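Let's take a friendly walk through a protein model, one piece at a time. Have the picture open beside you as you read.

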Amino acid sequence: MRLERLEATQRPEKLKAVFDGETLTVSASLCVQFSLCAGMELDEEAFSTLKAAMAKESARERAVRILTASAVSERELEKRLVQKGVLPSDAADAVAWLKEHRFLDDAATAAQLVDSAVRKGYGRARVKNILYEKGIPKDLWDEALARIPAMDDAIDRFLAAKLRGRTADEKTIKKTIDALLRRGFSYGEIRDALRRYEADLEDLELEETMTEELE
């Protein structure tokens, strides 16, 4: 394959390499690595090696874009790359490259996922589901889950928002319990929260009664 010419593109780090019957968008670093210049001849093996290097570089660039957009585990990142058409070998290389440069760390990702779930008011079971769905290895779960604080306040706020300071009927209570279960809280946590809510409601009603009597 004869390299007819190199042309600039709108991206300064990329060049258009026009070969016989084929045009490639090559990074400046690969141009230097392969000493590309107009008029040079590449045999079939060298041309294939160039394209393989481009595919590997593209996989790394795509991996960086995915990683900067959201918290992902090594397993999830590799899977998403393959789903986008990256060769499994290039996907594995991209993950290894990011790990080598300490941009990808499953333990740190697990901690980030747990902290995010806690801010959203999710319970332990929901957090476990998130770790599973994100492909976090189970040997990292215990350390990550230890970051979950007592969630009594989160459940109490949820109940206060749903029940709005009133005694709810059985149907409303069931819907509220189901909603809390979906958020990852246990029956025990929900039962204790309902008791606190009922106690607070009784105290409020008592205060209102006393105020009326004093008036």
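## Two helices that cross: H5 and H6

Let's begin with a pair of helices. Helices H5 and H6 cross in a right-handed way. H5 covers residues 106-119 and H6 covers residues 124-133; their axes come within 10 Å and cross at roughly 145°. Keep in mind as you look that this is a predicted model.

Which residues make the contact between H5 and H6? From H5 come Ala110, Leu113, Val114 and Ala117, and from H6 come Val127, Ile130 and Leu131. Sorted by class, this contact has seven nonpolar residues, with no polar and no charged ones.

## Another crossing pair: H3 and H4

Now look at helix H3 (residues 74-83) and helix H4 (residues 88-100), whose axes come within 9 Å and cross at roughly 145°. The crossing of H3 and H4 is right-handed. Two packed helices are described by the angle between their axes and the distance between the axes.

On the H3 side, the contact is made by Glu74, Leu77, Glu78, Leu81 and Val82. On the H4 side, you can find Pro88, Ala91, Ala92, Ala94, Val95, Leu98 and Lys99. By class, the contact of H3 with H4 has nine nonpolar, no polar and three charged residues.

## A sheet of three strands

Next, find the strands. They form an open sheet of three, in the order E1-E2-E3, with antiparallel pairing. Why is one side of E1 and of E3 left without a neighbour in the sheet? Strand E1 (3-8) and strand E3 (22-27) stand at the edges and each has a single partner strand, so one side of each has no neighbour there. From one strand to the next, the twist averages 25°.

E1 and E2 run antiparallel and are joined by five bridges. They form a hairpin with five residues between them. Leu3 has Phe19 in E2 as its bridge partner, and Glu7 stands opposite Lys16 in E2.

How many bridges join strand E2 to E3? There are six, linking E2 (residues 14-19) to E3 in an antiparallel arrangement. Leu15 has Val26 in E3 as its bridge partner, while Ala17 is partnered by Leu24 in E3. A helix lies against these strands too: H2 (residues 44-69) packs on the sheet, where H2 touches E2 and E3. The direction of H2 makes about 50° with that of E3.

E2 and E3 also form a hairpin, with two residues between them. In the turn, Gly21 has a positive phi of about 75°.

## Two backbone angles to look for

Here is some background for the backbone. Most residues other than glycine have a negative phi, and most peptide bonds are trans.

With that in mind, look at Ser35, which has a positive phi of about 50° although it is not a glycine. Ser35 is found in the loop between helix H1 (28-33) and H2. Arg102 is not a glycine either, and its phi is positive at about 60°. You will find Arg102 in the loop between H4 and H5.

## The largest pocket

Let's finish with the empty space. Rolling a probe the size of a water molecule over the atoms shows where empty space is left. In this model, the largest pocket has a volume of about 160 Å³. Ten residues line the largest pocket, and those nearest its centre are Asp156, Ala160, Arg196, Tyr197 and Asp200.

Which helix gives the most to the lining of the largest pocket? That is H10, with six residues. Helix H8 (152-163) and helix H10 (187-214) each supply at least two residues of the lining. By class, the lining of the largest pocket has six nonpolar residues, one polar residue and three charged residues.

Conventions. Residues are numbered from 1 along each chain as its sequence is written. This is a predicted model: local features need pLDDT of at least 70, side-chain atom pairs count only at pLDDT 80 or more; totals for chains, interfaces and linings use all residues. Side-chain values use heavy atoms; hydrogens and water are left out. On a 1 Å grid over the protein atoms alone, a cavity is a set of points where a 1.4 Å probe fits but cannot get out, and a pocket is an open set with protein on both sides within 12 Å along at least five of seven lines; lining residues have an atom within 4 Å of a point. Grid points are joined across faces, edges and corners, and a volume is the space filled by probe spheres set on the points. Helices (H or I, at least four residues) and strands (E, at least two) are DSSP runs, numbered from the N terminus. Ala, Val, Leu, Ile, Met, Phe, Trp, Tyr, Cys and Pro count as nonpolar, Asp, Glu, Lys and Arg as charged, and the others, Gly among them, as polar. Two strands pair if DSSP finds at least two bridges between them. Axes are lines fitted to C-alpha atoms, for helices over the stretch in contact, and angles run from 0 to 180 degrees between N-to-C directions. Contact means heavy atoms within 4.5 Å. A crossing is left-handed if the near helix is turned anticlockwise from the far one by less than a right angle, and right-handed if clockwise.
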